Each structure stands twice: as C-alpha cells, then as structure tokens.
Amino acid sequence: MTRFLHCRIRHLTRYRVRTFFLLVSRIRKFYDLRFRRFASGTGVPERVGELFAEAVQLSQTQHLKPDMALGIIHADLRRSVGETNEFPQRFFCDVGLGGLARWLRGAGYESVWKPNLDDATVIRETQRLEATLITTDSLMMERGVLRDGNVPWVWVPSSLTCEEQLIIVLRELALPIREPRCMSCGGSLYQVDKEIVADRIPPRTALWLDEYFECGECHQIFWRGTHWKRITEELTRLRNVSLSLS
Ligand SMILES: [Zn+2]
C-alpha cells in the first residue's frame, strides 16, 4: 500500500512539474510574441532580448516572480506607446479571474465575471458591455478581434495571484483607487439612514458607527468596519506597489 502511494505521489509530482513547465512556456511564448511585435514596430529586433533581460533584472531587484516581472515590462511597453489609453474602465473578467473581478470592484470598477462561457460568447459580452476584456487565455488572444485590437484586452498570467494580477491591471491602465463598489455583485453603494437598516446591523456595530451603505443591486449592507478598512489598506498598498516597481 505504502509503495502504491509512493508511486502515486511520484506520478502526481511528475505530472505537476510537466504542467508547470507547459504553463511557463505558454506564458513566455505569449510575451515573446508581444515583444517581437513591438520590436518589429520599432525596427530594432534586438529589443526583444533587451526586454527579457530587463524583466530578469526587475525580477531580481524587486524579488518578483519572473512572470510578474514580464507582466510589468509588458504593461509599461503598452503604456509607452499609448496602446491602453482609451481602454474602457469597465471590465469583463474571463473564467479563472473571479478573485480579480472582486478586487477590481473593491477598487471601484465595474467588473463582470461569468464562468463557463465559450470564447466567442466572452468576446461578444465584452463588446456588448463596451468593456475591456481581462483574460489568462493565450489561445483566446489568437482570435482576430483581439490580435488586431478591435476588442480592448489585458492579458494576465494565470500563474500569478489575484493581487499580482491586479497590480498589472492597475499599472497597464494607470487606474486610481476609487470609492468601492459591492465586491459580491459590482453594484454601486448608496448611503442609507441608520434607522432604516437598523435591524440588519449587528447591535455591537450600531453602538459605534452611524454611516451605512446599501448595494443598489443585491441590497447587501456595508459599513466602514475593520473588514472594509483592511480591504482599503490592501488596495492602497497594491496601488502603491503598482506605481513603485521599476
Ligand atoms: Zn451587491
């Protein structure tokens, strides 16, 4: 039995290592294609190697994952040529980006996340909502409407945490932190009288807080308690990180 388990673990480990390298190579391949495209635009092919070298240096000096450093270099490249200047500040988050969608709502941006949609529907919904698509899918990026820039997009590596992905999005689109939206559904928050929602507030909270907000969509009640403050502090920290990396 022990031997069986040992073999099983070894098999799983081998599988994960293979998957990891597959993932890494897919991510590197995406950035390689993008860097080549920029380099051919400037007529300086050796720029591709320089950009990868800059990413390695950034990764070492700032202690970032290599994929994160590539994401930052790529974000700066897009910003430097104004590629993301006119992108809508409303987002459609692809499958796998539910956590990022919640953080974006907390940062004050409308962000829709509907898992289990096929690629064509995701693109159609992004267009219908006049949103910017955020995706981790490099196959999706090969579709003409995205490759040719007809649908605004931000690509984030799936190997990053949602906080790291948020740093890339904030940097790529130069987004400030706004007043929060409902993190559950993305609805706007409206101030409500304490008396009206008194029966929906924990009695201990009601003793020390007078300001309450209601989501216009799902009608959840919010207040600036410790949870709200922790999220605000974390968003401010992530925004500062997104500005400081160089
Ligand atoms: Zn809501």
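Predicted model: local features only at pLDDT ≥ 70, side-chain atom pairs only at ≥ 80, totals over all residues.
Reader: Which residue in S6 stands opposite Tyr190?
Author: S5 runs antiparallel to strand S6, residues 212-215. The two are joined by 4 bridges. Opposite Tyr190, S6 places Glu214.

Reader: What is the average twist from one strand to the next in the parallel sheet?
Author: The parallel sheet is open, with 4 strands in the order S2-S1-S3-S4. Strand S2 (111-113) and strand S4 (153-155) are its edge strands, each pairing on one side only. From one strand to the next, the twist averages 20 degrees.

Reader: Which residue in S2 is the bridge partner of Cys93?
Author: Strand S1, residues 91-93, pairs with S2 in the parallel sense. The pairing spans 3 bridges. For Cys93, the bridge partner in S2 is Trp113.

Reader: At what angle to S2 does helix H4 run?
Author: Helix H4 is made of residues 98-106. H4 lies across S1, S2 and strand S3 (132-135). Its angle to S2 is about 160 degrees.

Reader: Is H7 oblique or roughly perpendicular to H9?
Author: Helix H7 (residues 162-172) packs against helix H9 (residues 226-244), with axes 9 Å apart. The angle is about 55 degrees. Roughly perpendicular needs 65 to 115 degrees, and roughly parallel needs under 35. H7 is therefore oblique.

Reader: How many residues of the contact of H7 with H9 are nonpolar?
Author: H7 brings Glu163, Leu166, Ile167, Leu170 and Arg171. H9 brings Leu238, Arg239, Val241 and Ser242. Of these residues, 3 are charged and 1 is polar, while the nonpolar ones number 5.

Reader: Is Asn150 buried or exposed?
Author: Asn150 sits in the loop between helix H6 (144-147) and S4. It has 12 C-beta neighbours inside 10 Å. The cut-off is 12 or fewer, so Asn150 counts as exposed.

Reader: How far apart in space are Asn150 and Ala53?
Author: In sequence, Asn150 and Ala53 are 97 residues apart. The distance in space runs from C-alpha to C-alpha. It comes to 31 Å.

Note on methods:
Residues numbered from 1 in each chain as written. Pairing = 2+ DSSP bridges. Axes fitted to C-alpha atoms, helices over the stretch in contact; angles between N-to-C directions. Contact = placed C-beta atoms within 7 Å. Parallel < 35°, antiparallel > 145°, perpendicular 65-115°, else oblique. Nonpolar A, V, L, I, M, F, W, Y, C, P; charged D, E, K, R; others polar. Buried ≥ 20, exposed ≤ 12 C-beta atoms within 10 Å, placed from the backbone.
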